[in-house]
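Hi there,

Here is the structure I promised to pass along. Have a look at it first, and then read on for what turned up.

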Amino acid sequence: MKDIARALGVSVATVSRALKDSPRISEERRALIKAYAREHHFSPNAIAESLRHSKIHPVHIIGVIMPQINHFYFSSILGGIEEEASARGYRLMVAQSGEQYEHEVEICRAFSESKVCGVIVSQAKDTLQYDHFRQLIDHGIPLVFFDRICTGINTSRVVVDDYMGAMTAVNYLIETGCRRIAFFGSSMKLEISKNRYNGYHDALTRHGLTVDDRYIRFCDNRADAEVVAPELLKMADRPDAFFAVNDDTAIGILYTAKRMGLRVPEDVSICGFTNGERAIACDPMLTTVEQRGNKVGREAASILIAQSEGDIPLGKVEKRVVRTRLIVRGTTRVLPGDNKTK
């Protein structure tokens, strides 16, 4: 507001009153001040305004955008972010996009207006335009991606080794005797989907196995898996194993196979990707790739706070990879001497 006042030759109080539509300021002058504010992308600091007359010391706020908060993996990441942020004197402002691009844009605008000190985000599935992220960067707001990263912008990020996680899982399925391995994955617009598919693909080819398109489906939730899986399980040369992009999809395949009278893992092996609470609540318990969400969250918060405090320059891109682990349970055959973790 000082900049606006200086540019227009008025007092800061006049600017403040005009932006609040005070009748003490003429309509003409209000319009002039508002037009200048819009042109220069001014927005009021909601947090500062609420604390202006408070005796509470202002706190540093980190904005967090997640596709779904109630998803085990995302909630574990949120836990890691909160632990690291709290230990460093920061607080969180959390919102979920609900996998909707338009809502994601609105959240970014709200965070910018609230003058958060940085944003940690996993983008929505249908986000294909990135202007809202670029605007945060243009306004000097540090931005760190996790899990679903934005390949259209070169920003700091924390990911798990999706490629190696998938390759390790499929290698294990092959080593236990499986040869016709199906892949259930998300849209290939997402980088994590590409990496997990590539790990699946390369594990097959390195063992001299053919990648059969009949066994590949874009299906990433339990409801769809229970519709799609019967198509494959009724084939004469049905898959003898499934590798799924997440645990929910794998559990959908598991219960479908059991309803069809197939034995798991004797007739068909199943492997997921997450290692959430549901993985040990099904029967048999699910073999899965553990993503270590808490570690991802702590790393993302660490980068953002370092950028906010100047320890990492805003222009420097920090990239960190968290290793996965294969947790072997009852939905896959077991190799002699297997220690349950890869």
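The accessible surface of the chain comes to about 16,400 Å², and 49% of that area belongs to carbon and sulfur atoms. Please keep in mind as you read that this is a predicted model. Buried residues account for 51% of the 342 residues in the chain.

As for the overall build, the chain has twelve helices and twelve strands. Its C-alpha atoms fill a box of roughly 80 × 35 × 35 Å, taken along the principal axes. If you take the contacts between residues at least 6 apart in sequence, 70% of them join residues at least 24 apart. On the charge side, there are 46 positive and 43 negative side chains, and the centres of these two sets lie 3 Å apart.

Next, the cysteines, in case you were wondering. How many disulfides does the structure hold? The count is zero. Cys108 is in no disulfide, and the nearest cysteine sulfur to it, that of Cys150, is 10 Å away. A disulfide calls for sulfur atoms within 2.5 Å, so the 10 Å between the sulfurs of Cys108 and Cys150 rules out that pair. Cys282 is likewise in no disulfide; here the nearest cysteine sulfur belongs to Cys271 and is 12 Å away. Are these two cysteines buried or exposed? Cys108 is buried, with a relative accessible area of 3%, and Cys282 is buried too, with a value of 7%.

Glu309 counts as partly exposed, at 41% relative accessibility. Which residues does Glu309 touch, not counting those up to four places away in sequence? They are Arg88 and Tyr90. With Tyr90 there is also a polar contact from side chain to side chain, at 2.9 Å. Cys117 is 192 residues from Glu309 along the chain, yet the C-alpha atoms of the two are separated by 9.3 Å.

Gly310 lies in that loop between helix 12 and strand 11 as well. Gly310 is exposed, with a relative accessible area of 52%; the cut-off for exposed is over 50%, which is why Gly310 gets that label while Glu309, at 41%, is called partly exposed. Gly310 also gives a contrast between sequence and space: Val264 is 46 residues away in sequence, and the two C-alpha atoms are 53 Å apart.

That brings us to Val264 itself, and to some backbone details. Most residues other than glycine have a negative phi, and most peptide bonds are trans. Where does this chain depart from that pattern? Val264 and Pro265 are joined by a cis peptide bond, with omega about 15°. Pro265 is found in the loop between helix 11 (247-259) and strand 9 (269-274). Another cis peptide bond joins Asp283 and Pro284, and there omega is about 0°. Pro284 lies in the loop between strand 9 and strand 10 (287-290).

The loop between strand 9 and strand 10 also holds Asn275. Although Asn275 is not a glycine, it has a positive phi of about 65°. Asn275 is buried, with a relative accessible area of 13%. Arg292 is a residue other than glycine with a positive phi as well, near 60°. You will find Arg292 in the loop between strand 10 and helix 12.

Finally, a stop towards the start of the numbering. Ser22 lies in the loop between helix 2 (12-19) and helix 3 (27-39). Ser22 sits in a loop and counts as buried, at 13% relative accessibility. Leaving aside its neighbours within four places in sequence, Ser22 is in contact with Arg17 and Arg30.

Happy to go through any of it with you.

Conventions
Residues are numbered from 1 along each chain as its sequence is written. Side-chain values use heavy atoms; hydrogens and water are left out. Helices (H or I, at least four residues) and strands (E, at least two) are DSSP runs, numbered from the N terminus. Buried means under 20% relative accessible area, exposed over 50%, partly exposed in between (1.4 Å probe, protein chains only). Contact means heavy atoms within 4.5 Å. Accessible areas come from the Shrake-Rupley method with a 1.4 Å probe; for residues, only the protein chains shown count as cover. Lys and Arg count as positive and Asp and Glu as negative; His and the chain ends are not counted. The place of a charge is taken as NZ of Lys, CZ of Arg, CG of Asp or CD of Glu. A polar contact is a pair of N or O atoms within 3.5 Å; within protein, one must be able to donate a hydrogen and the other to accept it, and residues adjacent in sequence count only if both atoms are side-chain atoms.
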